[in-house]
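Notebook open, model loaded. I wanted to look up the salt bridges and who takes part in them.

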Amino acid sequence: MMISKTLTKSDIVGNVALPKAQVMSVLTRMNGVTDEGLDNGFEVQVHDIMEDDLYTVTLKRIDDMKYYFGTGWSTMKHSLDLVEGDVLKLYWDQFENKFIVLNFQHKTMGIMIPV
């Protein structure tokens, strides 16, 4: 259960639009999610295991067609140092009922090296 998205300028400036098919695949494994909850905003946890940070973001649906992270996305993107062109990679852990960030990076002499 993965969501992967190459971030655009609009994802960085505003809310990140998520790939519909990937989100719908994850939704089948989420506990307690309803159509009404998605329309109003459904809070999910996102865990950055490298830094042991836990974010709460709102997963929202518009017009049964578009999914995005709203509230909480700004904090998360800044903490993860995400920029346009980066690939956001999230794994849905159905046993813990949260996303796990798979954007592992290591700093070596000031240079970010993706793993």
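This is a predicted model: local features need pLDDT of at least 70, side-chain atom pairs count only at pLDDT 80 or more; totals for chains, interfaces and linings use all residues.

I started with D11, which is buried at 2% relative accessibility (buried means under 20% relative accessible area, exposed over 50%, partly exposed in between; 1.4 Å probe, protein chains only). Its side chain meets that of K5 in a salt bridge, 2.7 Å from N to O. The term stands for a side-chain nitrogen of Lys or Arg within 4 Å of a carboxyl oxygen of Asp or Glu. K5 counts as buried too, at 15%.

Residues are numbered from 1 along each chain as its sequence is written, and side-chain values use heavy atoms, with hydrogens and water left out.

How many salt bridges does the structure hold? I get three.

Next I checked R61, buried at 9% relative accessibility. D35 forms a salt bridge with R61, the closest N and O atoms being 3.3 Å apart. D35 sits in helix α3 (residues 35-40) and R61 in strand β4 (residues 53-62), so this pair ties together parts 26 residues apart in sequence. Helices (H or I, at least four residues) and strands (E, at least two) are DSSP runs, numbered from the N terminus. D35 itself is exposed, at 53%.

D39 also forms a salt bridge with R61, at 3.1 Å between the closest N and O atoms. Shared partners join D35, D39 and R61 into one network. I have D39 down as partly exposed, at 37%.
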